[in-house]
Amino acid sequence: MGAKILVSACLMGHAVRYGGQAKPLVHPALDRWREEGRLVTICPEMSAGMPVPRLPAEIAAGKAGADVLSGAARVLESQGGDVTDGFRQAAENALALARETGCAYALLIDGSPSCGSGFIYDGSFTGHRLPGEGVTAALLRANGIRVFSDREIETLAALIDAQ
C-alpha cells in the first residue's frame with residue numbers, strides 16, 4: 001500500500017461544514033483509496049472542538065492561512081467573534097494526525113478558512129474569493145504534505161497512480 005491521504009470529512013459525506021452540511025466528493029479514485037485503506041478523515045474544526053453548526057468564519061482583511069500561523073492575521077466569525085486560536089488548534093490537530101498515520105498527501109475542501117488550498121474568502125463575508133490557502137492547508141504544506149483541493153482530485157489520482 002502506498003502513502004495515505006488526509007481527507008476533509010465533509011468530502012467523505014460527513015455533515016460537518018459550518019452550516020451543518022456535507023459536500024460529498026464522488027470519484028472512483030476515492031472509492032479505490034478507501035478500499036485500500038489509504039484514507040484518513042478529519043474535520044480540523046471539529047477536532048478543535050468547534051460545534052456544528054457554527055457561524056461562518058473567514059480570515060480577516062484579505063490575508064491567508066500563513067498569516068494566521070505567523071500571528072499577522074485573525075480568523076473572525078460573521079458576527080465578529082475571534083476564532084483564531086481554534087483554527088490554529090485545528091491545523092495542529094490535522095498535522096499531528098497526518099504525521100501519526102503517514103499521510104504524504106491531503107485532499108481538502110476548497111474555500112474553507114481551514115482547508116482551502118486554491119482559494120479562500122476575503123474576510124468581508126460577501127462571497128468574494130481570493131487565491132490563497134486556509135490555516136490547515138498552509139500548515140500541512142509548510143510541513144511537506146502535498147495539498148490538493150477537491151477540484152484537483154484528478155491530478156492527485158494521476159500522481160498516486162504513477163508511483
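Figure 1. The largest pocket holds about 510 Å³ of space. A pocket is defined on a 1 Å grid over the protein atoms alone as an open set of points where a 1.4 Å probe fits, with protein on both sides within 12 Å along at least five of seven lines. Grid points are joined across faces, edges and corners, and the volume is the space filled by probe spheres set on the points. The lining comprises 31 residues, and Arg17, Tyr18, Gly111, Ser112 and Pro113 lie nearest the centre of the pocket; lining residues have an atom within 4 Å of a point. Helix H2 (44-47), strand E3 (57-59) and strand E6 (119-121) are the elements that give two or more residues to this lining. Helices (H or I, at least four residues) and strands (E, at least two) are DSSP runs numbered from the N terminus. By class, the lining has 17 nonpolar, five polar and nine charged residues. Ala, Val, Leu, Ile, Met, Phe, Trp, Tyr, Cys and Pro count as nonpolar, Asp, Glu, Lys and Arg as charged, and the others, Gly among them, as polar.

As the model is predicted, local features need pLDDT of at least 70 and side-chain atom pairs count only at pLDDT 80 or more, whereas totals for chains, interfaces and linings use all residues. Residues are numbered from 1 along each chain as its sequence is written, and side-chain values use heavy atoms, with hydrogens and water left out.

**Figure 2. Strand E1 and the strands paired with E1****.** Four of the five residues of strand E1 (residues 4-8) are buried, that is, under 20% relative accessible area with a 1.4 Å probe and protein chains only; exposed is over 50%, and partly exposed lies in between. E1 runs parallel to strand E5 (residues 103-108), with four bridges joining them, and Lys4 stands opposite Cys103 in E5. Four bridges also join E1 to strand E2 (residues 39-42), again in parallel, with Ser8 opposite Ile42 in E2. Strands pair if DSSP finds at least two bridges between them. E1, helix H1 (residues 28-35) and E2 form a right-handed β-α-β unit: with the strands pointing away from the viewer, the path from the first strand over the helix to the second runs clockwise.

Figure 3. Most residues other than glycine have a negative phi, and most peptide bonds are trans. Ala61 counts as exposed because its relative accessibility is 67%. With 31% relative accessibility, Phe125 counts as partly exposed.

**Figure 4. Cysteines without a disulfide****.** The count of disulfides is zero, a disulfide being a pair of cysteine sulfur atoms within 2.5 Å. The closest cysteine sulfur to that of Cys43 is in Cys115, 6.9 Å away and therefore too far for a bond. For Cys115, the nearest cysteine sulfur is that of Cys10, at 6.6 Å, and Cys115 is in no disulfide. Cys43 is buried at 10% relative accessibility, and Cys115 is buried at 3%.
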